[in-house]
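Here's a quick briefing to read alongside the model.

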Amino acid sequence: MTIMDALYRIDEVKPNSYSQTEKIKWLSSLDGVIKAEIIDTHEGGEDITFKPYLETELTTSLLVPAPYDDIYIRWLEAQIDYANGEYGKYQNSMTMYNTAYSSFERWYNRTHMPKGNKFKFS
């Protein structure tokens, strides 16, 4: 999913008045966390680059691949609900986001070798 795909999908499923720039900041924040907490803790993480999305093209691919990429829509829904002060909806949206995040995290952990210390026996 690209940045533009995520923006288009969220505006279709949850019409809102937030600027494209604000939603890109939210996406960038999420991918920053994913890069630091999941990708960088596994071998090969250093090969995946991430820089904040405000200075990139809208055709830039987000870090989480399909079929786990619904995490972005769930995250944007939660951010919109929170910004609107709709805390009941926010709780529901965060539950859906947390489920999507956990699903991606479990898949990544199964398919990528975690970094670890090499044990030496003397």
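**A lysine and its partner**

K14 comes out as buried in this predicted model, with a relative accessibility of 19%, just as the cut-off for buried is under 20%. Its side chain meets that of D81 in a salt bridge, at 2.9 Å from N to O. K14 sits in the loop between α1 (3–13) and α2 (20–37) while D81 belongs to helix α3 (residues 70–83), so this pair ties together parts 67 residues apart in sequence. D81 is buried too, at 0% relative accessibility.

**Other salt bridges**

- The structure has five salt bridges in total.
- D40 and K35 pair up through their side chains at 2.4 Å, N to O.
- In that pair, D40 is partly exposed at 30% relative accessible area, whereas K35 is buried at 11%.
- E46 and K115 form another salt bridge, at 3.7 Å from N to O.
- This one links distant parts of the chain, with E46 in the loop between α2 and α3 and K115 in the segment after α4 (87–111), 69 residues apart.
- E46 is exposed at 52% relative accessible area, and K115 is partly exposed at 46%.

**Fold and surface**

- The chain has four helices and zero strands, running α-α-α-α along the sequence.
- Its C-alpha trace spans about 65 × 35 × 20 Å along the principal axes.
- Of the 122 residues, 35% are buried.
- Among contacts with a separation of 6 or more, 70% involve residues 24 or more positions apart.
- Accessible surface comes to about 7600 Å², and carbon and sulfur atoms account for 52% of that.

**Charge**

- There are 13 positive and 18 negative side chains, and the centres of the two sets are 5 Å apart.

Notes: Residues numbered from 1 in each chain as written. Predicted model: local features only at pLDDT ≥ 70, side-chain atom pairs only at ≥ 80, totals over all residues. Heavy atoms only, no water. Helix = DSSP H or I, 4+ residues; strand = E, 2+ residues; numbered from the N terminus. Buried < 20%, exposed > 50% of the residue type's maximum accessible area, 1.4 Å probe, protein only. Contact = heavy atoms within 4.5 Å. Areas by Shrake-Rupley, 256 points an atom, 1.4 Å probe, with all protein chains shown as cover. Lys, Arg positive; Asp, Glu negative; His and termini not counted. Charge placed at Lys NZ, Arg CZ, Asp CG, Glu CD. Salt bridge = Lys/Arg side-chain N within 4 Å of Asp/Glu carboxyl O.
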